[in-house]
Amino acid sequence: MKPIKQVLVTGGAGYVGGVSVEAILDAGHQVVVLDDLSTGHAENLPADVDLVVGSVADAECVAGAMDGIEAVFHEGARGSVARSVEDPLTTDTMNTHGTLTVLVHPNTGQELEDHRDRPLWIGKSQTLKPSIFTDPPKE
């Protein structure tokens, strides 16, 4: 039996993140969700998921959510084109700065190359294949 991994899913209370959460749990891993609940809903999460309410653009919040995490599925983003036109700076902060905050681990301030042992998947409404949860990432 494979050891259980601690997996962080950003945006895990939303639709795409929620699908990821279910697949990761079904594969036998433990899940932590980081979500600001702006479009996601806490009540959609299974009871055995730890929820951290906060923004992917908040370095301190991301650092806390990543404590003990072995893999990250980054699904947290502002996905509405209409909202991005209405408020492009907030969209940029959430999508661009939020992704960079997840990529650069705030606990150490070190760059991405110092965290190559932590797999990171960034998705955009893609079909998830079960093998990504059970097979080690290819280098």
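User: What percentage of the 139 residues in the chain do buried residues make up?

Analyst: This is a predicted model, in which local features need pLDDT of at least 70 and side-chain atom pairs count only at pLDDT 80 or more, while totals for chains, interfaces and linings use all residues. Residues are numbered from 1 along each chain as its sequence is written, and side-chain values use heavy atoms, with hydrogens and water left out. Buried means under 20% relative accessible area, exposed over 50%, and partly exposed in between, with a 1.4 Å probe and protein chains only. On that basis, the share of the 139 residues that is buried comes to 37%.

User: In which order do the elements of the chain run from the N terminus on?

Analyst: Helices (H or I, at least four residues) and strands (E, at least two) are DSSP runs, numbered from the N terminus. The chain has 5 helices and 5 strands. Read from the N terminus on, these elements follow the order β-α-β-β-α-β-α-α-β-α.

User: Is strand S1 mostly covered or mostly open, and how many of its residues are buried?

Analyst: In a regular strand the side chains alternate between the two faces of the sheet. In S1, Gln 6, Leu 8 and Thr 10 lie on one side and Val 7 and Val 9 on the other, and all are buried, so that both faces are covered. Strand S1, residues 6-10, is thus mostly covered, the number of buried residues being 5 of 5.

User: Which residue in S4 is the bridge partner of Val 9?

Analyst: Two strands pair if DSSP finds at least two bridges between them. S1 runs parallel to S2 (residues 30-35), to which 5 bridges join it, and Thr 10 has Leu 34 as its bridge partner there. S1 also runs parallel to S4 (residues 71-74), with 4 bridges joining the two. In S4, the partner of Val 9 is Phe 73.
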